Amino acid sequence: MKNLPRAATLLLLALAAATFHAQDWAKSRLESSPRHREYVPLRHDGRTVQALVVYPEVKGKATTVILIHEIFGLSDWAKEMADELAAKGFIVIAPDLLSGHGPSGGGSDALPSQDDRVKAVSALDPAEVNADLDAAADYGKKLPASNGKIAVAGFCWGGAKSFTYAAHRKDLSAAFVFYGTSPQDVSTITAPVYGFYGGNDARVDATIPATTAAMKAAGKTYDPVTYEGAGHGFMRAGEDPGDTNPANKTARDQGFERLVKQLKGL
């Protein structure tokens, strides 16, 4: 199965970046969180990836979720979403996949504009992305507070990377794909894949029938849910106080509840 042409995809992503809202609200929520969070350097193959790790306030060992950011890099919203998941009882590791790609070897925060981050994420080497995610997963499995279970959840560009990572990593307990497309070859996927899509997202929604057919033919578990009236990026937009589409908030709330329910059932 084939995704849309790269030029069309980049154009749509550029348009999304142009309308991207400031995330002071997300930063404020994160700063008021009581949960422990820290940045850790994940090293592999001569490369260092900075990752945000957020711990839940729980008594027992917890499942680890690898959170893959949007095409906007490790934004304040991505960090805040990591904190929200940790609040539900999970260890969350959110690697900054732009580590080393910014000025002076910096990451997402070092790039001067949203457009710069979109271009930099779009240019990332897929093999490097998988290796960075492997470093995060390996780190998570070895944490004393971890129960050894690893899941991956990604959004937008990260949603597609979550699907691709499921085809790469064999010990995942589940993959959660938020408005992302699938890889061409799904035959190597071992974990169940749960999809979350906006009803007003024709670019991505057009790929769902082919993805469903390919996963069924390969004997894989794929459970897509579409939230009517919601647009692309509804998990972020549904939290944004400035968003004017009530369907985004409904989709965000229902999608988050579904995500947490599936994670707790692993």
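1. Angles here run from 0 to 180 degrees between N-to-C directions, with axes taken as lines fitted to C-alpha atoms, for helices over the stretch in contact. In this predicted model, helix α8 (residues 208-217) lies across β7 and β8 and runs at about 170° to β8.

2. The sheet behind that helix can be described next. Eight strands make up an open sheet with mixed pairing, and their order is β1-β2-β4-β3-β5-β6-β7-β8. At its edges are β1 (37-44) and β8 (222-231), each of which pairs on one side only. On average, neighbouring strands are turned by 25° against each other, direction ignored.

3. Strands of a sheet pair through backbone hydrogen bonds, either parallel or antiparallel. Here β1 and β2 (residues 47-54) run antiparallel and are joined by eight bridges. Within this pair, Pro41 has Gln50 of β2 as its bridge partner.

4. A further helix, α6 (residues 157-168), packs on the sheet. Helix α6 touches β3 (62-68), β5 (146-155), β6 (174-178), β7 (193-200) and β8, and its direction makes about 135° with that of β5.

5. The largest nonpolar core has 80 residues. The residues with the most contacts inside this core are Leu67, Leu85, Trp157, Phe176, Val193 and Met235. Helix α3 (residues 76-87) supplies the largest share of the core, six residues.

6. Which residues does Val193 touch, not counting residues up to four places away in sequence? The contacts are Phe163, Ala166, Ala175, Val177, Met215, Thr221, Tyr222 and Asp223. Val193 is also among the residues with the most contacts inside the largest nonpolar core.

How values were computed
Residues numbered from 1 in each chain as written. Predicted model: local features only at pLDDT ≥ 70, side-chain atom pairs only at ≥ 80, totals over all residues. Heavy atoms only, no water. Core = buried A, V, L, I, M, F, W, Y, C linked by side-chain atoms within 4.5 Å. Buried < 20%, exposed > 50% of the residue type's maximum accessible area, 1.4 Å probe, protein only. Helix = DSSP H or I, 4+ residues; strand = E, 2+ residues; numbered from the N terminus. Contact = heavy atoms within 4.5 Å. Pairing = 2+ DSSP bridges.
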